[in-house]
Amino acid sequence: YKMYKSAVISGHFFTGNGEQGVLISSYAANALRCRLNDKIIIFTSDSYGSFNAVELKVIGVFITGYKDKDENICLLDLKSMQKLTGLENKATEISLFFDDIEKTGAFELKTGGILKKHGLEYFTWEQLLGAFVYMIKIGEQFYLIIYLIFITVAVLGIMNTILISVFDRIRDIGTLRSIGFTKNNVTMMLFAEVSLLGLLGAVTGTAFGAGIIYYFSIYGIPI
């Protein structure tokens, strides 16, 4: 829920488990013509097959920038949600967040038997997303091919630049040879120059590229 907590533009996020209320998007607020602290009625069918409704005060308005989330999602406190769905003191799903994505499988191995004894099921994100995970794997292979193409083009471009630089200095190299430089001396001099330029280019390019990737991975591009 970090996305919604940081996306609140008026009011506030839930301060604790005991606070009752509802958070809606700015899209829903405009559609319902309601403002902060107004009360709205949320109506749905419950677990008994009948209809139920709760009246809640709008404690916050958020905007994430994602159309599906802003148009289709609102957040309620747990107690009100259980009352609305007829699931007092119950839950249909519990989401677990790990600090490492690889721990999802390890958790299943350790607790799978215990969960089955209590009639519970555990699904990893890969099992839930299914086809999406398959698309990600295909995308990774596609990106690998693109990276290899980029690297090949970069290598050929750098090689061409170095060759032109060497051919442009044939007279300079001849002068160095005439005053006593050996082939190894000239080769090491050119190698040192290319290595220094390559190191500076790699460090500068990596720092610049990493900065751009880090920025857009945090803030994204609001299409």
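Mentor: Asn 89 lies in the loop between α4 (78-85) and α5 (103-117); helices (H or I, at least four residues) and strands (E, at least two) are DSSP runs, numbered from the N terminus. The model is a predicted one, in which local features need pLDDT of at least 70, side-chain atom pairs count only at pLDDT 80 or more, and totals for chains, interfaces and linings use all residues. Residues are numbered from 1 along each chain as its sequence is written, and side-chain values use heavy atoms, with hydrogens and water left out.

Although Asn 89 is not a glycine, its phi is positive, about 60°. Most residues other than glycine have a negative phi. Asn 89 counts as exposed because its relative accessibility is 76% (buried means under 20% relative accessible area, exposed over 50%, partly exposed in between, with a 1.4 Å probe and protein chains only). Arg 33, in the loop between α2 (26-32) and β3 (39-45), likewise has a positive phi, near 55°. With 78% relative accessibility, Arg 33 is also exposed.

Two salt bridges are counted, each requiring a side-chain nitrogen of Lys or Arg within 4 Å of a carboxyl oxygen of Asp or Glu. In one of them, Asp 99 pairs with Lys 103, the closest N and O atoms lying 2.8 Å apart. Asp 99 is exposed at 70% relative accessibility, whereas Lys 103 is partly exposed at 39%. In another, Arg 169 pairs with Glu 193, with 3.0 Å between the closest N and O atoms. This pair links distant parts of the chain, 24 residues apart: Arg 169 is in the loop between α7 and α8, and Glu 193 is in helix α9. Both are partly exposed, Arg 169 at 24% and Glu 193 at 30%.

Helix α8 (residues 170-178) packs against helix α9 (residues 183-219) at about 135°, with the axes 10 Å apart; axes are lines fitted to C-alpha atoms, for helices over the stretch in contact, and angles run from 0 to 180 degrees between N-to-C directions. The two helices are therefore oblique to each other, since angles under 35 degrees count as roughly parallel, over 145 as roughly antiparallel, 65 to 115 as roughly perpendicular and the rest as oblique. Ile 173, Leu 176 and Arg 177 of α8 meet Lys 183, Val 186, Met 189 and Leu 190 of α9, contact meaning heavy atoms within 4.5 Å.
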